[in-house]
Amino acid sequence: MNSEFNIAVHCLTLLSLKKDHMANSDEIAKSVCTHPARIRKVLGLLRKQGYVTTKEGVGGGYLLNINSDELTLGDLYRLLARGSLQPNWFSGGGEAACVVSEHIQEVMEQIYGSGELVLERHYDNITLADVTRDIQSGKSKQLFPLEDDQSSE
């Protein structure tokens, strides 16, 4: 998975905690522990989607522009990370006289694709407000335990 998804969740959570106060890219970058230019790149994409607004110049910065109960991690995943589960390279190929080599790529693409749909559905059940609440309460539990997790029984 790419880091832009994580950066976006971090930035938006920080902005949701600031409510009506702006935060500039330097301030956000310190919280995220990355370069302000990287923050501006991700927040630029979020601005185009209407998730944040900006004010330029002295005293400017970013402000959350969406209700955190309405924004899901699925929305952010589709915007910033869709396709990141699929590898850049697949084994096999048409050159080898082998049934596995001939068909492994198409089978693996289907496997990764269906896995990504499951991940998106999972993220669709987690809102920015959920993340913010857990941050505020200091919880480190799983928001949504896995179905086969027997530890909670």
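At what angle do the axes of helix H2 (residues 25–32) and helix H3 (residues 36–48) cross, and within what distance do they come? The legends below take up this question and some others for a predicted model.

**Figure 1. Overview of the elements in the protein chain.** The protein chain of this predicted model holds six helices and two strands. Read from the N terminus, the order of the elements is α-α-α-β-β-α-α-α. The chain has 153 residues, and 34% of them count as buried. Among contacts with a separation of 6 or more, 64% are between residues 24 or more positions apart.

**Figure 2. Helix H2 against helix H3.** Two packed helices are described by the angle between their axes and the distance between the axes. The axes of H2 and H3 cross at roughly 105° and come within 8 Å. Angles from 65 to 115 degrees count as roughly perpendicular, so H2 is roughly perpendicular to H3. On the H2 side, the contact is made by Ser 25, Asp 26, Ile 28, Ala 29 and Val 32. On the H3 side, Pro 36, Ile 39, Arg 40 and Leu 43 take part. Sorted by class, the residues in this contact are six nonpolar, one polar and two charged.

**Figure 3. The buried face of helix H2.** Which residues of H2 are buried? They are Ser 25, Ile 28, Ala 29 and Val 32. Viewed down the axis of H2, these buried residues fall within an arc of 100°, so they line one face of the helix. The cover over the buried residues of H2 includes helix H1 (3–18), H3 and strand E2 (61–64).

**Figure 4. The two ends of helix H2.** At the start of H2, Asn 24 places a side-chain oxygen within 3.1 Å of the backbone nitrogen of Asp 26. Asp 26 is also one of the H2 residues in the contact with H3. Just after H2 comes Cys 33, which has a positive phi of about 70°.

**Figure 5. Helix H1 against helix H6.** The axes of H1 and H6 lie 10 Å apart, and the two helices pack at an angle of about 70°. H1 and H6 are therefore roughly perpendicular to each other. From H1, the contact takes in Val 9, Leu 12, Thr 13, Ser 16 and Leu 17. From H6 (residues 128–137), the contact takes in Leu 128, Val 131, Thr 132, Ile 135 and Gln 136. By class, the residues divide into six nonpolar, four polar and no charged.

**Figure 6. Thr 13 in helix H1.** Is Thr 13 buried or exposed? Its relative accessible area is 5%, and buried means under 20%, so Thr 13 is buried. The side chain of Thr 13 reaches the backbone oxygen of Val 9 at 2.7 Å. With neighbours within four places in sequence left aside, Thr 13 is in contact with Leu 128, Val 131, Thr 132 and Ile 135.

**Figure 7. Gln 136 in helix H6.** Gln 136 has a relative accessible area of 58%. Exposed means over 50%, so Gln 136 is exposed. How far is the C-alpha atom of Gln 136 from that of Leu 17? The separation is 8.6 Å, although the two residues are 119 residues apart along the chain.

How values were computed:
Residues are numbered from 1 along each chain as its sequence is written. This is a predicted model: local features need pLDDT of at least 70, side-chain atom pairs count only at pLDDT 80 or more; totals for chains, interfaces and linings use all residues. Side-chain values use heavy atoms; hydrogens and water are left out. Axes are lines fitted to C-alpha atoms, for helices over the stretch in contact, and angles run from 0 to 180 degrees between N-to-C directions. Helices (H or I, at least four residues) and strands (E, at least two) are DSSP runs, numbered from the N terminus. Angles under 35 degrees count as roughly parallel, over 145 as roughly antiparallel, 65 to 115 as roughly perpendicular and the rest as oblique. Contact means heavy atoms within 4.5 Å. Ala, Val, Leu, Ile, Met, Phe, Trp, Tyr, Cys and Pro count as nonpolar, Asp, Glu, Lys and Arg as charged, and the others, Gly among them, as polar. Buried means under 20% relative accessible area, exposed over 50%, partly exposed in between (1.4 Å probe, protein chains only). The arc is that of the directions from the helix axis to the C-beta atoms. A polar contact is a pair of N or O atoms within 3.5 Å; within protein, one must be able to donate a hydrogen and the other to accept it, and residues adjacent in sequence count only if both atoms are side-chain atoms.
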